Structure formats: structure tokens, C-alpha cells
Amino acid sequence: MKWSFIGLMITAVFQIVVVAMSGSVALLADTIHNFGDAATAIPLGIAFLFARKKPSGRFTFGYGRVEDLAGLAVLLTILFSATVAGYESINRFFHPQDITYLWAVALASIIGFLGNEAVAIFRIRVGHEINSAALIADGYHARVDGWTSLAVLAGAFGVWLGYPLADPIVGLAITVAIFTIVIQNAKEIFTRMLDGVDPAVVDEIRHAARHIPEVKEITDVRARWLGHRLHAELNVAVESELTIAQAHAVAAEVRHRLLHALPHLSLVVVHVDPLEQSGEQHHRIETHVHDGLPAHSHAG
């Protein structure tokens, strides 16, 4: 995250100098976006620092959820950059401005592309090394940003051909691209904040556990992301003749298989049931009366 911040910030500073020289609103939109992307490294870096902290008496699951909050901060930052870029682009339609130093605009566009592509390659490679889905996704985000930087080159070429409106049109196109990224990221972030997972993850958990001969049935599979780590819980049913030690060994094997099958999985809770009482429905306390209290249950 540190090197990504430095790379994008150098790119954005160079671009803002060219914006001041040329007056290109398309390059301004791309520069605002690159500044925003550089700034997103700050909350993500803080989140990764928190993730290193050990669980405490108050935060018994650790601090992985800070990464989700950082994702929300990233989302708001990108949304702000899109709003500013859109305003400046629309304003330029009503208040046209001559674009100068087209060669500098073209050069800034190419440098913007190269800077984002370098950051994308770096983030994706490191993301795979540490199994961080968030960092890998951020890397592909940077790659898309590189192509939006190249769009500025098309705007400069249009102005050079004698179409001055090409510059604000490209600025609006970049704004639309940024808003598209905001919508995609918002779906992912809020899904995770609400403990949502891809159904394929649940299917993979069932598939891995089903290959253990002693497991006769799999019920109540639950999974959620905590930062870039996946937590899972499931009930497995075994023959009731098994001893406690044998049932424990089955649970340990289920956990071992799942940790191998899902690379981002860090916590697995396996509840072993006898086959005759498979599933959480057998553990619920039905409606009852005691100590003179009204009829009640303890089901969640």
C-alpha cells in the first residue's frame, strides 16, 4: 500500500501541473481520480495494520472488520472524485476554455496509464502472495484506471483535429467510468458488511466436507468475510456409534480439508451431530413454561 500510494501520488502531481498549464478538463478528471486512488491507500494501510493486532477481550474475533470500514472510506473517496470530475466536465460545456500544450496532455495521459499499470501489477502480485482478495481487486481497479487515463489521449487528439468539445466529452466519459466502479465496489463492500458471501463458497464447503467417508450429512453451512479472511461454521452428522474421540477426529479432518480447499479460510467451527439428530433444529429449545413465567422459547 505504501508503494502504491507513492506511485499514484507522483503520477497525480505530474498530471496536476499539466492541468494547470493546459486547462484540459479530461486530464483534470483523471487527475482527481488518481489523487483519490492514492488517498485510498491510507485507510487500507491502516486496516492492514489493525489486522495484525491480536484478538482482545473486547474484540474476540480480532480487527478484520476494520478492512470493511476502510472499504467504505475508499468508496466515499472515489464517489467524491467522480462528483468533482463530473461537475468540472459539465461546467466546461457552458464555459468553454482553450486547450493548450496538447503534447503535454498526451504525455500526462501516457504517464497516467503507465503509473496505474505499474501499481496494478504490483498490487495483484502481492495480493496473490498474501491471499488478499481486497488487494487483488484494488489491483484490477488500478488497471481499469490506467485505461481511463489513456482516454485523455483520445480527447487531446480530438482537440488537435479541431473538435474542442472532445475534451469535456472525454471528461464525462471518465466520470461515468468512475461511477461504474463506485457501483461495483458498493455492491461488494455492502455485501461483505452484511455478512454476505458468494453462494459458490458455501457449495465449495459442502463439496470438501462431503468427501470424508465418516460424514453422512452436512447441514447449516454458514460463512462470512472478516476483512480478507473467511470464517465458516457447519454441522456434520456421523453415526451415533462413534466415540467422542472418533467424532472429534472427524471434525478435525473436516477442518483440515476445508483449510486446504478454500485459500482465504482462516477459522472453521465444526459441530458434530449424531445422524438421528442432524442439524440445528434438534438443538432449539421449544416453547415451554417454567417458574411461573409466560410461555416462551430460547430460539434466536
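1. Does Asp-195 count as buried, partly exposed or exposed? At 31% relative accessibility, Asp-195 counts as partly exposed. This is a predicted model, and the points below should be read as comments on that model.

2. Asp-195 sits in the loop that links α6 to α7 (199-210). Its phi is near 65°, which is a positive value in a residue other than glycine. A second case is Asp-220, with phi near 50°, again positive in a non-glycine residue. Asp-220 belongs to a strand, β1 (residues 217-226), and its relative accessibility of 25% makes it count as partly exposed.

3. On the overall layout, the protein has 8 helices and 3 strands. Along the sequence these elements follow the pattern α-α-α-α-α-α-α-β-β-α-β. Of the 300 residues, 42% count as buried. Among contacts with a separation of 6 or more, 68% are between residues 24 or more positions apart.

4. Helix α2 deserves a point of its own. It covers residues 25-51, and its 27 residues, at 1.5 Å a residue, should span 39 Å; the end C-alpha atoms are 39 Å apart, so expectation and model agree.

5. The largest nonpolar core has 26 residues, and the members that touch the most others are Val-18, Leu-27, Val-105, Val-152 and Ile-174. At least two residues of this core come from each of α1 (2-22), α2, α3 (65-94), α4 (102-130), α5 (133-160) and α6 (166-193). The largest share, 7 residues, is supplied by α2. There is also a second, separate core of 24 residues, with Val-201, Ala-251, Leu-258 and Val-268 among its members.

6. Val-18 lies in helix α1. Its relative accessibility is 4%, and because buried means under 20%, Val-18 counts as buried. Neighbours within four places in sequence aside, Val-18 is in contact with Gly-23, Leu-27, Ala-104, Val-105 and Ala-108. Thr-31 is 13 residues from Val-18 in sequence, and the two C-alpha atoms are 9.8 Å apart in space.

7. Next, the packing of α2 against α6. The two axes come within 7 Å and cross at roughly 25°. Angles under 35 degrees count as roughly parallel, so α2 is roughly parallel to α6. On the α2 side the contact is made by Val-25, Ala-26, Ala-29, Asp-30 and His-33. On the α6 side the residues are Asp-167, Pro-168, Val-170, Gly-171, Ile-174, Ile-178 and Ile-181. By class, the residues of this contact divide into 8 nonpolar, 2 polar and 2 charged.

8. The pairing of α2 with α3 is described in the same terms. Here the axes are 9 Å apart and the angle is about 170°. Angles over 145 degrees count as roughly antiparallel, and α2 and α3 are therefore roughly antiparallel to each other. The residues of the contact of α2 with α3 comprise 17 nonpolar, 6 polar and 4 charged.

Conventions. Residues are numbered from 1 along each chain as its sequence is written. This is a predicted model: local features need pLDDT of at least 70, side-chain atom pairs count only at pLDDT 80 or more; totals for chains, interfaces and linings use all residues. Side-chain values use heavy atoms; hydrogens and water are left out. Helices (H or I, at least four residues) and strands (E, at least two) are DSSP runs, numbered from the N terminus. The expected span of a helix is 1.5 Å times one less than its number of residues. A nonpolar core is a set of buried Ala, Val, Leu, Ile, Met, Phe, Trp, Tyr and Cys residues joined through side-chain atoms within 4.5 Å. Buried means under 20% relative accessible area, exposed over 50%, partly exposed in between (1.4 Å probe, protein chains only). Axes are lines fitted to C-alpha atoms, for helices over the stretch in contact, and angles run from 0 to 180 degrees between N-to-C directions. Angles under 35 degrees count as roughly parallel, over 145 as roughly antiparallel, 65 to 115 as roughly perpendicular and the rest as oblique. Contact means heavy atoms within 4.5 Å. Ala, Val, Leu, Ile, Met, Phe, Trp, Tyr, Cys and Pro count as nonpolar, Asp, Glu, Lys and Arg as charged, and the others, Gly among them, as polar.
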